[in-house]
Amino acid sequence: MISVHEIEILADGAHAGQTDKIGVPYIEHVRAVAAGLSPFGDELVMAGLLHDLLEDTDWTAERLRETGVPTRVVEIVEAVTNQSGMTYKEKIRRITVDPQATLVKIADNAHNSHPDRAAQLPADKRERLAAKYRSARAELWPSANRNDVEAIVRIVNPSLLAELDAPY
């Protein structure tokens, strides 16, 4: 079976040359998401490393399977991948059907919401994305075990801990 290290090399190669909204190499985002999933085992770490692969590269689910990526990991990645014609709100609701995909999306959302990252965006974009991510958390967090959400947030974005204790 393919190792987490091999998955990281795969993700690094697939995202080579890509940068995120603030100009940081994209692989840093997927590594941060994977780090937040480390308490949950190798499958979720792998899914975190690959969570944007189908969306942002020429990789396909079939190619991942052929490469030896476990079927369940590919299923989680497919669950968090955007589908054409689906709104973001519909995507979040679809993700919450799968408990492991929900954890991947919680880690992704936590990293995307990190204040250090948001501070580097123009004010209008920062405010729009903050509202989008807050709305997603209102769907995602109640769909997961509170202790799991807290474990992810502590690793990826501790600034969200106060929100975790706030009523929706």
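Trainee: Let's start with a helix pair: which residues in α6 meet which residues in α8?

Mentor: From α6 you get R72, I76, A79 and V80, and across from them in α8 sit Q100, A101 and V104. Keep in mind that this is a predicted model. Contact here means heavy atoms within 4.5 Å.

Trainee: And what classes of residue make up the contact of α6 with α8?

Mentor: There are 5 nonpolar residues, 1 polar and 1 charged. R72 in α6 is among the residues that meet α8, and Arg counts as charged.

Trainee: At what angle do α6 and α8 pack, and how far apart are their axes?

Mentor: Helix α6, residues 71–80, packs on α8 at about 60 degrees, and the axes are 9 Å apart.

Trainee: Is the crossing of α2 and α11 left-handed or right-handed?

Mentor: Right-handed. The residues in contact are A32, A35 and G36 of α2, with I152, I155 and V156 of α11.

Trainee: How many residues in the contact of α2 with α11 are nonpolar, polar and charged?

Mentor: 5 are nonpolar, 1 is polar and none is charged. Gly counts as polar, and G36 is in the contact.

Trainee: Over to the pockets. What is the volume of the largest pocket, and which residues lie nearest its centre?

Mentor: The volume is about 340 Å³. The lining has 20 residues, with K21, Y26, D52, E55 and N112 nearest the centre. By class, 11 are charged, 5 nonpolar and 4 polar.

Trainee: Which element gives the largest share of that lining?

Mentor: That's α10, with 4 residues.

Trainee: How much space lies in the second largest pocket, and which residues line it nearest the centre?

Mentor: About 180 Å³. The lining has 14 residues, and nearest the centre are N112, S113, A118, L129 and Y133. Elements giving two or more residues are α9 and α10, with the largest share, 6 residues, coming from α10.

Technical notes. Residues numbered from 1 in each chain as written. Predicted model: local features only at pLDDT ≥ 70, side-chain atom pairs only at ≥ 80, totals over all residues. Heavy atoms only, no water. 1 Å grid on protein atoms, 1.4 Å probe; cavity = no way out; pocket = protein on both sides within 12 Å on 5 of 7 lines; lining within 4 Å. Points joined across faces, edges and corners; volume = space filled by probe spheres on them. Axes fitted to C-alpha atoms, helices over the stretch in contact; angles between N-to-C directions. Left-handed = near helix turned anticlockwise from the far one by under 90°.
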